[in-house]
Amino acid sequence: MTFLNLVISGAANGVVYAAVALALVLIWRSTGILNFAQGGMLMFTTFIAWDLVHLHGANYWVGLVVALLAGLVLGAVVERVLIRPIEGGPPINPVIVTLGLLLLLEAVAGMIWGSGVSSFAPEFSLNDYHVGHQLILFSPDYLFIVLAVLGVMVALYVLFQHTPIGLRMRASAFNPEVARLLGVRVGRLLTLGWGLAAMVGALAGVLIAGTQPGYINPNAFDGLLILGFTAAVVGGLDSPLGALAGGLLVGVIQQLLDNYVSIDLDSFYTFVVLLVVLMLRPSGLFSRTAVRRV
Amino acid sequence: MTSGLVLDNVVTTYGAVRALDGVSLDVADGKITAVLGANGAGKTTLLRTVNGLVRPAAGSIRFGGHDLLATPVERIVTLGIAHVPEGRGVITELTVEENLRLGALWRSDRRRETVNGLATVYEMFPPLAERRDRAADTLSGGERQMLAIGRALMSRPSLLLLDEPSLGLAPRITAQIMATLRRLSAEDGLTVVLVEQNARSALSVADSAVILNLGRVVASGAADDLAGDEQLRHAYLGF
Ligand SMILES: Nc1ncnc2c1ncn2[C@@H]1O[C@H](COP(=O)(O)OP(=O)(O)OP(=O)(O)O)[C@@H](O)[C@H]1O
Ligand SMILES: [Mg+2]
């Protein structure tokens, strides 16, 4: 039963990693850019929600929705203002720009909200469920987390696969030149893509912030970014479904190793998982190229 | 009335390379104009300059009263110009039907146009109908060419630009595609600019032709006359 419990709680954590991974994957597959600023962006939007809820007495749901909208706007602005001008330049440029943005956002958040830790109260209980006398490592808050992330993923799936705008976004991502010849305004759709990705990231930030008292500070989400990055790479970087699978896998492995080996090595496990996957299957478990080869 | 596609003294450069060196061209409405020439002659550059993917250093390009040099690439299709890029340019990650849908997506009446267009294209190219839900990267070369042409037709163009549609295709498929172009031009009054290496098959369907060499027009005239000019054929067309 312990083992099953570890898998359940690991998977629940993994769902949040999957959301961060999805934010990275959406941008990678449309622009070939790894958005290192994603951790800072979701930190910032989480602070905005926290500010509204805890300093201005807003309702949790208002805070959540504002964080999502702030993510949408922030992502779009980042694309227009920082990414668009360096399009087509050397590949190192987006690395430097997004890392710079990460540092900038962390510094600005420190100036506004201080660098101490703050707590974001979850809307639902963190007390674990019981089935009879058996404790299940799963709580109402985690149930909400799982439903929220899966709901967003389904919504994005429908948007991408079954709407004209989704078709335009995919065409822009896969072949911008042909898309333009077919009348698709590729620039706008890239902006929208960054906005949507950052919105998914913003969701992950608010969700994870509630799972531990004292979670939030300007650097608190660096670890989450690394976990999300690992999940994305494990999933093949260009596959949204891979992001979900990668997130679950990383969450479960992390939980098992924490429990059976040692929790002190927690952040080390992420790299082990990354290393093992890259050695066994360099293009990730779910990438399109890997699927083609099979 | 549309005045068709008119290029006047167009110069397109890539750094020091003058890929188009003063090209003037008057494309006859409702006819097939072949653009022939060796590798590197500037044929692809000509089409890319027309649709705005590269901007010329000098000259003018007009289409039906519109200044194409002032038109963004994304708007070109709305003027009635459709493009079948070199190497076909189907989006391999999308399905056959998604590729086709993209062709009509810019239209305000796209619901009706998509239904009608899909029916027309599937009737014209039955292999596409059988494979409509397959990813385009599972198609053969000939099927991809049909898809690229079908997608271009989905926008109901008045001018179709094709860049080497015969590239890598078996003679029989090439002949089929040429016959399709002939029919579209004759029955629907479609204007076609057909860029080809394969001069023989292009001249067999074209009404007129121009021959490019190193970015300049070195000969132009009725397709039959060019095909009959032995000196020209030996010098530039290689047959
Ligand atoms: N992006 C580019 N940058 C630099 N030079 C280019 C570029 N594209 C084409 N060129 C050069 O411009 C000239 C014309 O090229 P273009 O592609 O128009 O030829 P083409 O007639 O289409 O040849 P092919 O039959 O091989 O397709 C060539 O010398 C080519 O090397
Ligand atoms: Mg060419």
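How much area is buried between chain B and chain A, and what share of it do carbon and sulfur atoms give?

**Entry 1: ground rules.** I am working on a predicted model, where local features need pLDDT of at least 70, side-chain atom pairs count only at pLDDT 80 or more, and totals for chains, interfaces and linings use all residues. Residues are numbered from 1 along each chain as its sequence is written, chains are lettered from A and ligands numbered from 1 in the order in which they are written, and side-chain values use heavy atoms, with hydrogens and water left out.

**Entry 2: the interface.** I looked up the opening question. About 2000 Å² is buried between chain B and chain A, and carbon and sulfur atoms give 63% of that. Buried area here is the accessible area (1.4 Å probe) that two parts lose on being put together, summed over both. Chain B puts 23 residues into the contact and chain A puts in 19. Contact means heavy atoms within 4.5 Å.

Entry 3: I found three salt bridges between chain B and chain A. The criterion is a side-chain nitrogen of Lys or Arg within 4 Å of a carboxyl oxygen of Asp or Glu. A:Glu177 bridges to B:Arg48, with the closest N and O atoms 2.7 Å apart. Over all chains, the structure holds 14 salt bridges. B:Glu74 and A:Arg180 form a salt bridge too, at 3.1 Å from N to O. B:Glu74 sits in helix H2 of chain B and A:Arg180 in helix H7 (residues 176-181) of chain A, so this pair joins two chains. Helices (H or I, at least four residues) and strands (E, at least two) are DSSP runs, numbered from the N terminus.

**Entry 4: the sheet in chain B.** I then turned to the strands. Six of them make an open sheet in chain B, ordered S6-S7-S8-S3-S9-S10, with mixed pairing. Two strands pair if DSSP finds at least two bridges between them. Strand S6 (81-84) and strand S10 (216-222) of chain B are the edges, each pairing on one side only. From one strand to the next, the twist averages 15 degrees. Axes are lines fitted to C-alpha atoms, for helices over the stretch in contact, and angles run from 0 to 180 degrees between N-to-C directions.

**Entry 5: inside the sheet.** I checked strand S3 (residues 32-36) against strand S8 (residues 191-196), both of chain B. They pair in the parallel sense over five bridges. B:Val35 has B:Val195 as its bridge partner in S8(B). Helix H10 (residues 230-237) of chain B packs on the sheet, touching S3, strand S9 (208-213) and S10 of chain B. The direction of H10 makes about 45 degrees with that of S9(B).
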